[in-house]
Amino acid sequence: MRVQTVGGGGAGNFTLAPLNENDRVINTLGGRREGIQEEYSITNRYQLNGFLKYVNNFGEHNVNALLGFEKSGLNFKNLSASREDLLSTSIEQFISTSTDRERSVVNGGENEQQRLSYLGRLNYTYADKYVAEFSFRYDGSFQFSEDNRFGFFPSASLAWNISKEDFFNIPQINTLKLRGSFGQTGDDGTLNNRVAPFQFQNNFVGASSYLFENEFLNGIGPQSVVPNPDITWETHTSFNAGFDISLFNNKLDFTFDIFKNTVKDILLGTTVTVPGSFGASLPATNFGEREFRGYEIALNYRGSIGEFKYAVGANMGYAKDKWIKFPEEEGIFDFQSRIGRPEARRIGYISEGIIRDQATLDALPAGFTQFGRTPQLGEILFRDIRSTDFSEGADGVITAQDVDIISDNAVPRINYGITTDFEWKGITVNALFQGVGAYDKFVNTLNSQNGGVFQVAPRPYFELWTDAWSRENLDGRYPAVEGNFLGHTENGGGVSTFWKRNGAYLRLKNLTIGYNIPSEVLKSVGIERLNLFVNGTNLFVISDFDEFDPEQERLDSYPLFKTFSTGINLTF
């Protein structure tokens with residue numbers, strides 16, 4: 001009789017053995033036995049800072065200077081061990097476990113990080129009319145080799161308060177200031193572990209085990225990626241220009257800024273291929289470059305009419321990015337290229353709407369198919385724009401070659417806010433409105449593969465069932481519920497303009513109504529200030545997007561709640 005042992009895998013593994021009358025099955029439930037596991041770890045962190053500051057005034061000249069350094073480090077080490085076959089649960093020590101090496105496991109690891117920075121700043125002001133500031137950082141990171149370890153990142157800003165000049169005499173303008181700045185910062189890629197450390201050297205990793213003289217040994221070998229000794233800092237360069245102006249006895253404030261930010265030396269993978277005989281893959285390099293441009297506007301007005309005081313403010317920002325350099329394969333088509341386009345773009349099919357009647361089907365070219373299938377009533381019809389070899393022009397079939405760029409605004413390009421503050425005889429009303437614009441929002445769910453060709457639309461959404469096309473509902477808003485929805489793009493799955501909406505919205509984000517008890521009433525009881533208030537958040541939203549809340553990422557994302565609260569602020 002043969003004995004078959006089943007299991008022996010990881011924790012919780014349980015495999016049923018095939019039934020055979022000649023076999024006796026012993027199930028080990030994954031091969032786990034009672035045992036002891038202990039783990040020890042130690043982390044040492046340190047940070048040293050030193051600063052030298054100089055401040056002095058010479059008549060109308062003001063000087064403020066600073067020099068400093070920062071040094072930080074981290075050392076981490078851990079060791080864990082476990083043994084199985086615990087002899088007695090009353091003795092929870094390793095001496096009461098099996099000494100068999102196969103029942104013992106030892107693991108460990110360590111990590112070390114070091115950073116060093118020198119910094120400086122010089123600020124100069126003359127007669128409150130001219131302001132100049134210069135600063136620098138000289139940063140070093142453990143991420144890079146000694147030749148590329150340090151990066152120098154300077155910054156400078158200038159401002160001119162024209163309204164302080166003797167020749168400036170415009171009574172309606174209280175303040176007029178021009179500003180400009182330039183700045184650089186470095187990124188070593190450690191934020192969110194975006195760049196793995198020690199890529200500049202040849203690292204060793206665990207390799208395949210091997211048999212040597214009847215003994216099974218673990219292997220070790222070099223990493224599968226070629227080292228890149230030239231890896232270095234990612235550099236962020238910013239240019240900004242703007243002005244500030246105050247009018248009508250400082251009742252009206254207006255601020256305008258325009259900016260351009262460039263990110264160079266972005267660490268990206270290469271598209272160059274090497275033969276399998278090379279034995280390794282090529283490393284990432286500092287090749288990428290990306291640009292951001294935009295502007296910001298802010299306007300505030302305050303005033304009063306008798307006992308009624310008011311203040312109204314509005315701000316708006318617009319920003320758009322594009323790739324300047326990105327590793328791309330040769331011979332790709334225009335819509336596949338990232339160069340000159342934003343990161344948040346969407347590629348998909350162009351919808352011609354739902355096939356609602358037989359006349360639409362009959363008007364299709366003979367032999368027309370979508371993804372190899374004959375179109376049916378209630379399905380989405382897509383535009384035929386390319387042949388199967390990606391050449392422009394219809395070929396009578398819809399395939400994966402018929403995708404195109406359907407949005408460059410998959411994130412909001414415009415963000416704005418409006419604030420209002422009113423006060424009358426102790427009653428206060430404060431409101432914050434927030435909104436976005438220039439935003440293409442796609443209807444999707446948690447199952448969506450954002451940015452890919454397939455995006456699952458929200459079938460669980462009730463209206464997709466109740467307002468779907470059918471022979472009894474020819475004007476239904478959504479495709480028929482028949483068909484393979486998850487697998488067939490024409491039944492509703494897949495990124496297409498059919499699910500594209502205007503995602504702009506305006507929301508009352510916060511509203512607070514309060515009342516300040518008059519001070520003369522409070523003095524008799526020794527209270528300096530007493531304020532009663534009620535507050536509400538996310539009270540309403542105005543938007544053409546009606547499938548779900550436009551601020552939610554997906555239909556099944558955690559929803560935004562309305563909240564209501566009340567309270568008392570008391571000062572003695």
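# Questions on a predicted model

Visitor: How long is the polar contact that joins the side chains of E234 and H236?
Guide: A polar contact is a pair of N or O atoms within 3.5 Å; within protein, one must be able to donate a hydrogen and the other to accept it, and residues adjacent in sequence count only if both atoms are side-chain atoms. In this predicted model, the side chains of E234 and H236 are joined at 3.2 Å.

Visitor: What pLDDT do local features need here?
Guide: Numbering runs from 1 along each chain as its sequence is written, and side-chain values use heavy atoms, with hydrogens and water left out. The model is predicted: totals for chains, interfaces and linings use all residues, side-chain atom pairs count only at pLDDT 80 or more, and local features need at least 70.

Visitor: Is E234 buried or exposed?
Guide: E234 sits in strand β11, residues 234-247. Strands (E, at least two residues) and helices (H or I, at least four) are DSSP runs, numbered from the N terminus. Buried means under 20% relative accessible area, exposed over 50%, partly exposed in between (1.4 Å probe, protein chains only). At 7% relative accessibility, E234 is therefore buried.

Visitor: Which residues does E234 touch, leaving out those up to four places away in sequence?
Guide: Contact means heavy atoms within 4.5 Å. By that test, E234 touches T185, G186, D187, R194, V263, K264, D265, I266 and L267.

Visitor: What is the volume of the largest cavity?
Guide: A cavity is a set of points on a 1 Å grid over the protein atoms alone where a 1.4 Å probe fits but cannot get out; a pocket is an open set with protein on both sides within 12 Å along at least five of seven lines. Grid points are joined across faces, edges and corners, and a volume is the space filled by probe spheres set on the points. The whole structure holds one cavity of 30 Å³ or more. The largest cavity has about 40 Å³.

Visitor: How many charged residues line the largest cavity?
Guide: Lining residues have an atom within 4 Å of a point. Here they are F144, D187, D188, G189, R194, V195, T232, E234, D265, L267 and N286. Asp, Glu, Lys and Arg count as charged; Ala, Val, Leu, Ile, Met, Phe, Trp, Tyr, Cys and Pro as nonpolar; the others, Gly among them, as polar. The lining has three nonpolar residues, three polar and, in the charged class, five.

Visitor: Which strand gives the most to the lining of the second largest pocket?
Guide: This pocket has a volume of about 340 Å³. R101, E102, S104, E215, F216, L217 and N218 line it. By class, that is two nonpolar, two polar and three charged residues. Four residues of the lining come from strand β10.

Visitor: Which side chain is joined to that of R293 by a polar contact?
Guide: R293 lies in strand β13, residues 285-305. Its 44% relative accessibility makes it partly exposed. Beyond its sequence neighbours up to four places away, R293 touches F259, K260, Y318, A319 and K320. Its side-chain partner, at 2.7 Å, is E291.

Visitor: Which residue's backbone nitrogen does the side chain of N174 reach?
Guide: N174 is in strand β8, residues 173-187, and is partly exposed at 28%. Outside four places in sequence, its contacts are S163, S246, L247, F248, N249 and N250. The side chain reaches a backbone nitrogen at 3.5 Å, that of F248.

Visitor: Near what value is phi of N249?
Guide: N249 lies in the loop between β11 and β12. At 65% relative accessibility, it counts as exposed. Its phi is positive, in a residue other than glycine, and near 60 degrees.
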